[in-house]
Amino acid sequence: MIKKNTVYLIGGGLLLLLVIWLVIFYNGLVVKEEKLKQQWSEVQNTYQRRLDLIPNLVNVVKGMAEFEKGTLEQIAEARSAAASGLTNPQLNGENIQRQEEMQNRLAGSVNRMLAQVERYPELKGTDAFRGLQTQLEGTERRVKIARQDFNAAVADYNQKVRGFPGNLVAGFFGFTQKEGFEAAAGAEKAVEIKF
């Protein structure tokens, strides 16, 4: 009789420990997934900052020099496409890649405009232009850092989802592996600016 009660107590204790572990692990997954979503929001915030800053930069440039109309139209078109990409809140590889492509197109257009500005010394010397250019450079650093932080959150989350025995629990509760940013094809090559 005593032996049977001891077996029940040990079995009940083990079951209780398993339930506690499942609750702790599940809550850990929820925390990591929320951190991942928070980091993605930060990436989108930096993209929005870029989108808000670029029209000011373009307006200063327009007011200070006559540029090729096509360059400014490319920037406006790229900005519009990039802005439309922020409306899709889905956190999946396809959406991340799509937003990355649109943001890269926008950054490329702005870089071409900045290269053209180099030909106009009176524009480079204005305080307004320098201030906006500094803000744009800072925004690009913020984008880079936000992407790095997002990728770190993805890696942390994926380690928890993929590790054993957590992968069994994660799969049972529907937590799946996420995708982060990857370098675009040809990103290792320096951008060549031609006039």
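**Entry 1: the nonpolar patch.** I looked up where the nonpolar patch gets its residues, and helix 1 gives the largest share, seven residues. I kept in mind that this is a predicted model. The patch lies on the surface and is formed by Leu15, Leu18, Val19, Trp21, Leu22, Val23, Tyr26, Phe172 and Phe173, with about 840 Å² of accessible area together. Helix 1 (2–64) and helix 6 (166–173) each supply at least two of its residues. I then checked Phe172, which is found in helix 6; its relative accessibility is 68%, so Phe172 counts as exposed.

**Entry 2: aromatic pairs.** I found five aromatic pairs in the structure. One of them, Trp21 with Phe25, is stacked, at 5.3 Å centre to centre and 25° between the planes. Both residues sit in helix 1, four residues apart, or about one turn of the helix. Trp21 is partly exposed at 33% relative accessible area, whereas Phe25 is buried at 11%. Next I turned to Tyr26 and Phe175: their ring centres are 5.6 Å apart and their planes at 70°, so I noted the pair as edge-to-face. Tyr26 is in helix 1 and Phe175 in the segment after helix 6, so this pair ties together parts 149 residues apart in sequence. I also saw that Tyr26, Phe172, Phe173 and Phe175 form one aromatic cluster.

**Entry 3: a cis bond.** Most peptide bonds are trans. I noted that the bond from Phe164 to Pro165 is cis, with omega near 5°. Pro165 lies in the loop between helix 5 (127–162) and helix 6.

**Entry 4: confidence.** I read a mean pLDDT of 77 for the protein chain. Among its elements, helix 6 has the highest mean (87) and helix 4 (residues 121–124) the lowest (54).

Terms used: Residues numbered from 1 in each chain as written. Predicted model: local features only at pLDDT ≥ 70, side-chain atom pairs only at ≥ 80, totals over all residues. Heavy atoms only, no water. Patch = residues over 30% accessible without salt bridge, like charges linked within 9 Å, V, L, I, M, F, W, Y side chains within 5 Å. Areas by Shrake-Rupley, 256 points an atom, 1.4 Å probe, with all protein chains shown as cover. Salt bridge = Lys/Arg side-chain N within 4 Å of Asp/Glu carboxyl O. Buried < 20%, exposed > 50% of the residue type's maximum accessible area, 1.4 Å probe, protein only. pLDDT = per-residue confidence, 0-100. Phe/Tyr/Trp six-rings, centres within 6.5 Å; stacked < 30°, edge-to-face > 60°.
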